[in-house]
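Here is a quick briefing for anyone opening this structure for the first time. Have a look at the model, then read on.

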Amino acid sequence: WAKALRSNTAITALNLESNAIGAEGIVALAEAVRGNGTLRELKLANQRVPCSQLAEEKLACALTETTRLVRITIDLRSTRARDLINKSINANQERARLLRRSTRDGSPADGR
């Protein structure tokens with residue numbers, strides 16, 4: 001799936017819940033998400049294989065570099081990764097809200 005995310009610019013949602021994606025797979029997905037500009041929703045909860053906190057943090061860092069992802073489901077052990085992901089998702093949701101507002105009423109997208 002990481003390879004598909006890198007090359008496919010039409011995917012907006014990817015559901016990989018209840019699989020067996022381990023640390024290596026999460027790191028590969030992190031790299032793919034970093035380079036994908038269309039993905040808006042990513043579901044990774046209920047993996048049957050434990051994932052390292054390092055892999056979780058690599059995914060979180062990758063999400064800080066994407067502006068389109070507004071929803072993610074994932075079970076995390078790392079509080080640092082959880083905080084980074086929450087901040088990124090909240091910022092992306094606000095960015096999307098401002099963009100919707102600006103296209104609706106013609107005001108600038110930055111809210112000024």
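**A first stop: A23**

A23 is partly exposed, with a relative accessible area of 26%; partly exposed sits between buried (under 20%) and exposed (over 50%), using a 1.4 Å probe and protein chains only. Bear in mind that this is a predicted model, where local features need pLDDT of at least 70 and side-chain atom pairs count only at pLDDT 80 or more, while totals for chains, interfaces and linings use all residues. Residues are numbered from 1 along each chain as its sequence is written, and side-chain values use heavy atoms, leaving out hydrogens and water.

**Around A23**

- You'll find A23 in helix α2; helices here are DSSP runs of H or I with at least four residues, numbered from the N terminus.
- Not counting residues up to four places away in sequence, A23 touches P50, C51, S52 and A55, where contact means heavy atoms within 4.5 Å.
- A23 and Q53 are 30 residues apart in sequence, yet their C-alpha atoms are 8.5 Å apart in space.

**α2 against α3**

- These two helices, α2 and α3, pack at about 10° with their axes 8 Å apart; axes are lines fitted to C-alpha atoms over the stretch in contact, and angles run from 0 to 180 degrees between N-to-C directions.
- That makes α2 roughly parallel to α3, a label for angles under 35 degrees.
- On the α2 side, the residues are A23, I26, V27, A30, V33 and R34, and they meet A55, K58, L59, C61, A62 and L63 of α3.
- The residues of this contact split into 10 nonpolar, no polar and 2 charged; Ala, Val, Leu, Ile, Met, Phe, Trp, Tyr, Cys and Pro count as nonpolar, Asp, Glu, Lys and Arg as charged, and the others, Gly among them, as polar.

**α3 against α4**

- Helix α3 (residues 53-63) packs with helix α4 (residues 79-105) at about 20°, their axes 8 Å apart.
- α3 and α4 are therefore roughly parallel to each other.
- E56, E57, A60, C61 and L63 of α3 make this contact with R80, A81, L84, I85 and S88 of α4.
- The α3 and α4 contact residues come out as 6 nonpolar, 1 polar and 3 charged.

**The nonpolar core**

- The largest nonpolar core has 26 residues, and L5, L39, L42 and L44 have the most contacts inside it; such a core is a set of buried Ala, Val, Leu, Ile, Met, Phe, Trp, Tyr and Cys residues joined through side-chain atoms within 4.5 Å.
- At least two residues of this core come from each of α1 (2-7), α2 (23-34), α3 and α4.
- Leaving aside neighbours within four places in sequence, L39 has contacts that include L5, I11, V33 and L69.

Technical notes:
Angles under 35 degrees count as roughly parallel, over 145 as roughly antiparallel, 65 to 115 as roughly perpendicular and the rest as oblique.
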